[in-house]
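Please look over the model shown below before reading on.

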Amino acid sequence: MMSTVFSAVVVSIGYTLLGWDFAALLEANRHMVKEFELDTGPSIEGITVAVSAFGAIVTTIFSGSLLDWLGRRAILVHSSLLLLLGGFLMLWSPNIYILLLARLIVGSGSGLVFTCVPIYISETSPPSMRGLLGTMPQFMFFVGTIFSYCLIFWLTLMSSPKWRIMIGAIFAPSIVYLALLVYYLPESPRWLVSEGKISEARVCLQWLRGKKHDISGEIGTIVEGVDFISDTAIGTVQGQSLSGLTSSQIWPQNTFYWHLSDPLVDLLGSIHETMSETITGSRRNSFFPVFNSFYFPEHEHRDDNSDQQTREVYSAGEANNGDGLRTSLLSQTANVEVNDTNTSFTSEGSSSYLRRHGTQEFMASLHDHDIEEEDEETSGMVLPHQPAYRYMENTRRHPSRYRILRLSETADMKSKWRVLLQPGTRHALCYGILIQALQQSAGISVLLRYTPEILKQVGVVSLFSDIGLSPHSTSILISALNALLMLPCITAAMLLMDVCGRRALILATTPILILSLSVMSLSTLLDTGSLEFAILFHLALTICFCSYVVGLGPIPNILCSEIFPTQARATCMSFCSLSFWFGGLLSSYCFPVMLSTIGLGGACGIYALVCCIPLFLVYYRIPETRSLNLELIADIFKLSRQPPYVQ
């Protein structure tokens with residue numbers, strides 16, 4: 001998996017540039033006001049921040065369509081070019097107008113990076129490492145912040161600090177970022193599969209997983225996850241699977257708990273509990289009896305003869321255009337036994353079950369057409385995968401018949417926006433937008449940006465006055481030390497993300513975040529000017545940042561990159577990114593107003609109250625997604641939001 005980790009590190013360099021720009025902009029504004037003879041300091045500060053956010057919002061609006069059209073790798077390359085051009089213009093910037101243009105370009109590149117990097121990492125990472133690698137951008141963000149603070153601290157020791165170097169220094173790492181993206185980064189296999197490029201997807205996935213890794217099962221699962229069949233399949237499987245069950249048995253809407261808790265949270269909780277148990281000891285789920293047959297065996301026993309035959313056929317099929325895809329799909333269907341009363345699910349075969357059982361009525365209508373007898377024996381199981389490999393093998397031989405079988409053509413004729421109206425996608429999108437907006441509205445990002453000013457206000461800078469440092473340089477140094485202290489916390493989050501899970505980390509760290517904000521508020525309101533209160537505030541601020549980077553900081557991005565189906569992931573992620581940027585704008589605008597009206601203590605108290613909202617949202621509505629395939633997460637969201645079947 002070294003290539004997978006390397007790819008995640010490469011794309012996360014974009015977040016390093018975002019962290020650098022995040023920390024340097026506020027300090028650069030202090031000096032550009034003097035050079036350009038702008039007397040309204042707060043005005044130019046607001047303009048530079050607003051222009052960057054405007055560029056990010058504009059590119060984020062179109063990022064979903066661009067990601068689906070050009071691909072993940074191409075958009076990342078374009079984002080690096082924008083950051084490179086913006087950094088060069090900021091280094092030059094002879095007047096305020098060129099500087100604002102440069103800020104607009106940098107903001108546009110930042111919007112693309114923020115949207116695309118989590119998508120790329122989630123689509124290329126294996127389920128067992130997706131949380132670890134998904135936290136990598138947060139780690140790299142603070143690496144860039146530390147380097148930026150170190151450069152700013154060195155420049156503030158000079159008589160005339162050069163603010164162009166502070167913000168334009170991203171020009172140099174942007175060159176490295178561009179070179180690595182162009183020469184070493186493969187395309188996302190899931191995007192290639194959605195475009196019908198199965199051979200290229202298999203090559204990219206093999207490079208990501210390593211030459212000795214067998215990717216036949218994973219590439220088959222990816223193909224299954226792409227919606228090649230009509231949306232009525234989910235409704236059909238629900239009607240068949242829930243036959244004989246009353247509505248009250250499946251959806252206990254009359255209970256008080258139903259109005260508070262999302263049944264999907266209980267469903268996935270029972271699934272993850274079952275993963276650590278034996279098959280015979282699997283727990284039953286009262287909300288979704290159809291999922292009572294889910295099991296995730298840790299060690300699957302397979303017949304040696306069948307494995308040998310599969311390897312032989314797979315080796316023989318590598319010369320085909322599908323690169324052994326037909327064999328991988330057939331081998332998967334052979335391993336899934338479908339019974340009327342008890343069906344065994346695996347994390348790689350659930351979407352296959354849904355699609356096979358949902359297309360039986362459609363299969364009956366296809367027997368009237370000219371379908372070869374050899375295909376009829378397995379058509380009930382292979383039809384959902386036929387559009388992927390028949391596009392390569394049989395289009396020239398049977399063009400008219402292919403138009404009948406390729407159901408994705410009908411789906412392509414519909415607007416992709418209709419995918420967002422499907423129940424599962426719609427609810428997942430609402431949760432994603434809400435948690436991203438709440439992450440920014442909690443105000444921690446603003447506290448991070450204004451840390452030097454806050455430390456000067458509470459009097460912490462007096463700690464280093466004996467060694468000859470100015471208060472401003474001292475605040476920069478302490479900010480750098482705070483950012484450096486966060487790296488071990490983010491490292492711990494990376495290691496725990498796939499062990500404890502996303503929900504557990506947020507539920508454990510958000511109360512600490514709320515408590516630390518409350519202590520900051522009280523210490524500021526009760527401040528008597530003593531050094532003890534200043535140390536207490538700084539300690540609470542450090543705990544606040546450390547708890548944030550473990551939970552509420554990286555997890556919203558990870559969740560938003562996991563809970564959407566492949567067909568709608570880019571579009572939905574663009575909506576979530578829009579809520580992030582708008583929430584950041586709102587928080588940036590309100591923070592100076594709150595400082596001038598209710599003070600720092602009042603602002604921290606409001607942020608503590610706001611942090612309670614994502615805590616309850618995650619507890620009652622956000623499911624656990626660790627160790628689950630992206631296709632399984634999307635299918636469970638889709639199935640759980642179908643109306644109950646009434647006999």
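In this predicted model, Tyr-431, Leu-434, Ile-435, Leu-438 and Ser-441 of helix H25 meet Tyr-607, Val-610, Ile-613, Pro-614, Leu-617, Val-618 and Arg-621 of helix H33, where contact stands for heavy atoms within 4.5 Å. By class, that contact has 10 nonpolar, one polar and one charged residues; Ala, Val, Leu, Ile, Met, Phe, Trp, Tyr, Cys and Pro count as nonpolar, Asp, Glu, Lys and Arg as charged, and the others, Gly among them, as polar. Because the model is predicted, local features need pLDDT of at least 70 and side-chain atom pairs count only at pLDDT 80 or more, while totals for chains, interfaces and linings use all residues. Residues are numbered from 1 along each chain as its sequence is written, and side-chain values use heavy atoms, with hydrogens and water left out.

**Helix packing**

- Two packed helices are described by the angle between their axes and the distance between the axes.
- The axes of H25 (residues 423-441) and H33 (residues 599-621) come within 9 Å and cross at roughly 155°, the axes being lines fitted to C-alpha atoms, for helices over the stretch in contact, with angles from 0 to 180 degrees between N-to-C directions.
- That angle makes H25 roughly antiparallel to H33, a term for angles over 145 degrees.
- The crossing of H25 and H33 is left-handed, which means that the near helix is turned anticlockwise from the far one by less than a right angle.
- Helix H6 (residues 136-156) and helix H28 (residues 471-496) have axes that come within 9 Å and cross at roughly 160°, so that H6 is roughly antiparallel to H28.
- H6 passes H28 in a left-handed crossing, and the residues of their contact divide into 17 nonpolar, seven polar and no charged.

**Helix H10**

- Helix H10 covers residues 198-209, and its 12 residues should span 16 Å at 1.5 Å a residue, which agrees with the 16 Å between its end C-alpha atoms; the expected span is 1.5 Å times one less than the number of residues.
- The buried residues of H10 are Ile-198, Ala-201, Arg-202, Cys-204, Leu-205, Gln-206, Leu-208 and Arg-209, where buried means under 20% relative accessible area (1.4 Å probe, protein chains only).
- Just after H10, Gly-210 takes a positive phi of about 110°.

**Buried residues and their contacts**

- Leu-181 lies in helix H8 (residues 171-184) and is buried, with a relative accessible area of 0%.
- Not counting residues up to four places away in sequence, Leu-181 touches Val-10, Val-11, Arg-73, Leu-76, Val-77 and Ser-80; Leu-181 and Val-77 are 104 residues apart in sequence and 6.2 Å apart in space, C-alpha to C-alpha.
- Ser-188 sits in the loop between H8 and helix H9 (189-194), is buried at a relative accessible area of 0%, and touches Arg-72, Tyr-120, Glu-123 and Thr-124, not counting residues up to four places away in sequence.
- Ser-561, in the loop between helix H31 (555-560) and helix H32 (569-597), is buried with a relative accessible area of 4%.

**The chain**

- The secondary structure comes to 34 helices and zero strands, taken as DSSP runs numbered from the N terminus (helices: H or I, at least four residues; strands: E, at least two).
- Of the 647 residues of the chain, 57% count as buried.

Key: Buried means under 20% relative accessible area, exposed over 50%, partly exposed in between (1.4 Å probe, protein chains only). Angles under 35 degrees count as roughly parallel, over 145 as roughly antiparallel, 65 to 115 as roughly perpendicular and the rest as oblique.
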